[in-house]
Amino acid sequence: ASLVPVQRQDTNVRAQEIAKSFRGYEDGIRKKLKLDADNRPKVSLWGILKSMIGKDMTRMTLPVSFNEPTSLLYRVVEDMEYTDLLDIAADRQDSTERLVYVAGFAASEYASTIGRVAKPFNPLLGETYEYCRPDLGYRFFIEQVSHHPPVGAAYAESPKWDYYGESAVKSKFYGKSFEFNPLGTWFLNLRTPDGGSELYTWKKVTSSVVGIITGNPTVDNYGPMEVKNWTTGDVCYLDFKAKGWKANSAGQVTGKIVDAAGRTCWSVGGRWNDKIYARLTPGYEADVGAASDAGNKNPAILVWEAHPRPTGIPFNITPFVVTLNDLPDRLRPVLPPTDSRLRPDQRAMEEGEYDFAAVEKTRVEEGQRARRRMREERGEEFEPRWFRKEARHPVTGEPYWLFNHQYWKVRDEVADGKRTWRE
Ligand code: CLR
């Protein structure tokens, strides 16, 4: 018998497999954009939007100066900024403690929304994006599988976990606010220290832009979130509170973890724009936060803390987002022609060439319409290349996008010079 614990054997094999995809990322992450300041023309959001009440964002034509140099695909990868929480979760012996960190991860996905009142580019049908982090040990892949409504299907892999799901957002402009309601479920497969694995799911809360009429637009995130461990039956209930009138009311999150027997074990609290704490509260629920903690025998533990947000990065993006649209010379030859990094309009936007970005955006979107007409003439339906819609998830029973696991295999062969992406 081997002395290596089961999970360690398995994680080593996975780590080696994933590391094959790191070819092209040898130069490390990008620290800076070419541009020092974005100089976008300042236009009033309300001036443009007031005639569009009741519409959803996909039906609006907005000047390109309302865009940021990201796309809806990039906005999904942004969720991967704090995957260290998933690595921590995977190493915990106790399932409720694992849930503390998984829930912390789910809440961390909102930190980067602050100050980002700008429209990401709409991905083209069949557009793909890959993102590897050799330093953090994961690879991520997403494909735009539907255009109307826009849907992206994603699959991320790390030695100790897989994270997958669909990003489909219903949006509506109400005048007072612009609401973004994510519909898809996110799935997390976590490999536990005993060699087993657990399935967690959650759905995203609502994002909204408020303060449009008063000329001070800000992003808020609010609503209930249920992070469920389907394997053990533990559930974390989080409540993202809508921002009130008080200046310091933004970002509040409270919640609790209840085990399969219905017993509360942890209380959770903090802010999605700052820190999340948890406190062991067996059989009861309590306030959590550094301040409420003096003299408590179960002090709150800091679960998550937002990375610093240096000012002065163009478009108000985060340092993590700066790394996304990077196209190092070594990566270019292994990317498929569908990769977002090759989109000329997004590249032009990032480099401050707004007029050129607008021209290129129109051009690539016309190409997309031509391809659709061609399919219609031939009586063909678009089929995603890397995902397939399944009617029932084996555990939760809901429809979901099944990754065919071919992308990274094909990429390896392309990198070895054995084939091209088109074959
Ligand atoms: C929320 C989390 C989801 C993915 C997602 C999709 C659409 C995003 C939304 C998130 C956050 C808010 C968002 C929205 C698209 C446009 C909107 C970025 C990331 C901004 C704030 C709207 C700006 C106003 C325009 C009219 C200029 O998993």
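Is strand S13 mostly covered or mostly exposed, and how many of its 7 residues are buried? Strand S13, residues 252-258, is mostly covered, with 5 of its 7 residues buried. A residue is called buried if 20 or more other C-beta atoms lie within 10 Å of its own, exposed if 12 or fewer do, and partly exposed in between, the C-beta atoms being placed from the backbone. The structure is a predicted model, in which local features need pLDDT of at least 70 and side-chain atom pairs count only at pLDDT 80 or more, while totals for chains, interfaces and linings use all residues. Residues are numbered from 1 along each chain as its sequence is written.

**Overall form**

- The protein has 9 helices and 18 strands; these are DSSP runs numbered from the N terminus, helices being H or I of at least four residues and strands E of at least two.
- The radius of gyration is 22 Å, close to the 22 Å that the globule rule gives for 423 residues, so the protein is as compact as a globular protein of that length. The radius is taken over C-alpha atoms, and the rule is 2.2 Å times the number of residues to the power 0.38.
- Along the principal axes, the C-alpha atoms fill a box of roughly 65 × 60 × 45 Å.
- Buried residues make up 38% of the 423 in the protein.
- Among contacts between residues at least 6 apart in sequence, 55% join residues at least 24 apart; a contact requires C-beta atoms, placed from the backbone, to lie within 7 Å.

**Strand S13 and its partners**

- Strand S12 (residues 235-240) pairs with S13 in the antiparallel sense over 6 bridges, where pairing requires that DSSP find at least two bridges between the strands.
- Leucine 238 stands opposite glycine 255 in S13.
- Strand S14 (residues 264-271) also pairs with S13 in the antiparallel sense, over 7 bridges. Valine 258 has threonine 264 in S14 as its bridge partner.
- S13 and S14 form a hairpin with 5 residues between them, and glycine 262 in the turn has a positive phi of about 90°.

**The shell around the ligand**

- There are 18 residues around the ligand, of which Phe66, Arg75, Lys119, Val169 and Ser207 come nearest. A residue counts as near if its C-beta atom, placed from the backbone, lies within 6 Å.
- Helix H3 (72-77) and strands S2 (119-121), S6 (161-173), S7 (177-182) and S10 (206-210) each supply at least two residues of this shell. S7 gives the most, with 3 residues.
- By class, the shell has 11 nonpolar, 3 polar and 4 charged residues. Here Ala, Val, Leu, Ile, Met, Phe, Trp, Tyr, Cys and Pro count as nonpolar, Asp, Glu, Lys and Arg as charged, and the others, Gly among them, as polar.
- S7 and S10 pair in the antiparallel sense over 4 bridges, and serine 177 has valine 210 in S10 as its bridge partner.
- S10 is also joined to strand S11 (residues 218-229) by 5 bridges, and these two strands run antiparallel. Serine 207 has asparagine 221 in S11 as its bridge partner.

- In helix H5 (residues 95-108), 14 residues at 1.5 Å a residue should span 20 Å, which agrees with end C-alpha atoms 20 Å apart. The expected span is 1.5 Å times one less than the number of residues.
- H5 is mostly covered, with 14 of its 14 residues buried.
- Serine 112 is found in the loop between H5 and S2; this serine is buried, with 24 other C-beta atoms within 10 Å.
- Leaving aside neighbours within four places in sequence, serine 112 is in contact with Glu78, Glu81, Thr318, Phe320 and Val321.
- Serine 112 and proline 319 are 207 residues apart in sequence and 9.8 Å apart in space, C-alpha to C-alpha.

**Backbone details in loops**

- A cis peptide bond, with omega about 0°, joins histidine 148 and proline 149. Proline 149 lies in the loop between strand S4 (138-146) and strand S5 (151-158).
- Asparagine 39, a residue other than glycine, has a positive phi near 50°. The loop between helix H1 (6-19) and helix H2 (45-49) holds asparagine 39, which counts as exposed with 11 C-beta neighbours inside 10 Å.
- Asparagine 316 likewise has a positive phi, near 60°. Asparagine 316 is found in the loop between strand S16 (301-305) and helix H6 (319-322), and is partly exposed, with 17 other C-beta atoms within 10 Å.

Methods: Two residues are in contact if their C-beta atoms, placed from the backbone, lie within 7 Å.
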